[in-house]
Amino acid sequence: MSITVRDITTAPHLEVGASAGLAGLDRAVRWAHVTELPDPVRWLRGGELVLTVGLGLGQGEEERRAYVRRLCEAGCAGLAFAIDVWLGGTIPPEILDEGDRLGFPVLRVEGETSFIAVVETVADHYAAERTREQGRVLAAQDAMARAALRSGPAGVMRELASATSGACLLLDRNGMTSRAVPESEPVWHSLVRAEVLGAARTPGMRVLADEGAAILLQTLGTTGRTLGWLALRCEESSPNVRVLANHAASLLAVDLLHSRDARRSLFGERAPLLRAAALGRPVGVPLTLPTPPWEVVCFRTADPGTLDAAADALVDVLGDTGAAGDSGLCHMGEVLVAVLPDTGRPYAGERLLALLDGVSAAGACRARGPGELASAVARVRGAIPAQGHRHMDEADAWALLRSSVPESGSRAFTDAVLGGIVEHDARNGTDLAHTLRHYLDNSAHVEETARELGVHRNTLRARLRTAERVLGHDLRDPRARLEVWTALSLNPMRCADGGWHD
């Protein structure tokens, strides 16, 4: 808060009175300056209370009026005379008249009051004000730090808005609103969003103008990729406001870095379970994955650091959502496997590929649930293109048909057609279902099927007769063959050689 001319005249330790220009007593005094120059304007910056004994006023009435006008036009706060020193106890009437006309205060410094006492009063006021302001800044910084521990980014932003009498906006790396104080969408949010999404994303702090207010826009993140942006809209961008904005940005960046490290750690901890499931091994605990159906993606990369990079980039692709946090990532040899929500076009895997430095190729397919995860991974690993992204289901009509059948319907149909075969295999240790799949895939050719299975044709015929008996259908009936083949094909089946029937 500034000290005014009125404060000088009412200070109990000073004998300073107002003689003219009373309308300007509320002018702010930036400094008190002693001068006897006839034209001191070139050495002034505005806001000074000029102290003089009157040596430079000039000889004539017009010169003295011009002196007062020059000080007023230069933005000075007022003119004070030590009347007992040179002027003989009176201030020239033309100076008083000009002060009244301009509303420019003209003061008398009387008694034992020295000019240095006036200067010290102004200096002491601003020193105390700086101390008070520093105390307010420290208190606000402490409040933001405690709010960060207590309620996270939302608390930090509330304290920043309160301390600066402003409004705050926190944007994620995509330029989308994470939090706003107050919770609304004013026009200035669009201005900030356009700035951060523009071609030049300069790190650090920028100041934008917005209808007489200032918007401080601070990049979050010390090194590497930008983690987000903090925008503070307030009436002025004073140094103390900048200090508070920087402090808030540091606290928010630490929170985001902690969230990033925690996210990376979580994906790393879940990776072994996902790897086991992707290899078709029993896991024993429920997997943390998005709600099916999934997009199963294999990225060609042997770099173990790609998992952390993918964990970071998932927030860019899917936003800071539950689906992003539940997605699965694991390394399997020369590929990084990702299990993502099935978003359709544009595919999440294709967008993720574009954000992974050093990774140039990925294959993907759709999986309806845990039962199809291992077969989907096996299918995609062998079909990664040389460059770019390839979604297997786009070129596989049967896969499209299979994906359109709900998992519950697929299970019911399979149980109705193959329930007896599955029970027979489980009870007797036979492999009739696998035999039927090879037989029907080979268009019911006994010789070719026997050769694939490595058994004698008579052994195969015996298995087929058993299968017909268990099924209750003649496999020479085209409809019976269609039903059995469809039931066998709706869900991937592991082959005896370790591969998969799709």
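Guide: Helices (H or I, at least four residues) and strands (E, at least two) are DSSP runs, numbered from the N terminus. Ser443 lies in the loop between helix 15 and helix 16. This is a predicted model, in which local features need pLDDT of at least 70, side-chain atom pairs count only at pLDDT 80 or more, and totals for chains, interfaces and linings use all residues. Residues are numbered from 1 along each chain as its sequence is written, and side-chain values use heavy atoms, with hydrogens and water left out.

Visitor: What is the phi of Ser443?

Guide: Most residues other than glycine have a negative phi, and most peptide bonds are trans. Ser443, although not a glycine, has a positive phi of about 55°. Glu211 is likewise not a glycine and has a positive phi of about 50°; Glu211 sits in the loop between strand 10 (205–210) and strand 11 (213–220).

Visitor: Which peptide bond involving Pro182 is cis?

Guide: The bond joining Val181 and Pro182 is cis, with omega about 0°. Pro182 belongs to the loop between strand 9 (177–181) and helix 6 (187–196). The bond from Pro292 to Pro293 is also cis, with omega near 0°.

Visitor: Which residues of helix 16 are buried?

Guide: Buried means under 20% relative accessible area, exposed over 50%, partly exposed in between (1.4 Å probe, protein chains only). In helix 16 (residues 446–453), the buried residues are Val446, Thr449 and Ala450. Viewed down the helix axis, they fall within an arc of 100° and so line one face of helix 16; the arc is that of the directions from the helix axis to the C-beta atoms. An α-helix has 3.6 residues a turn, so residues three or four places apart point the same way.
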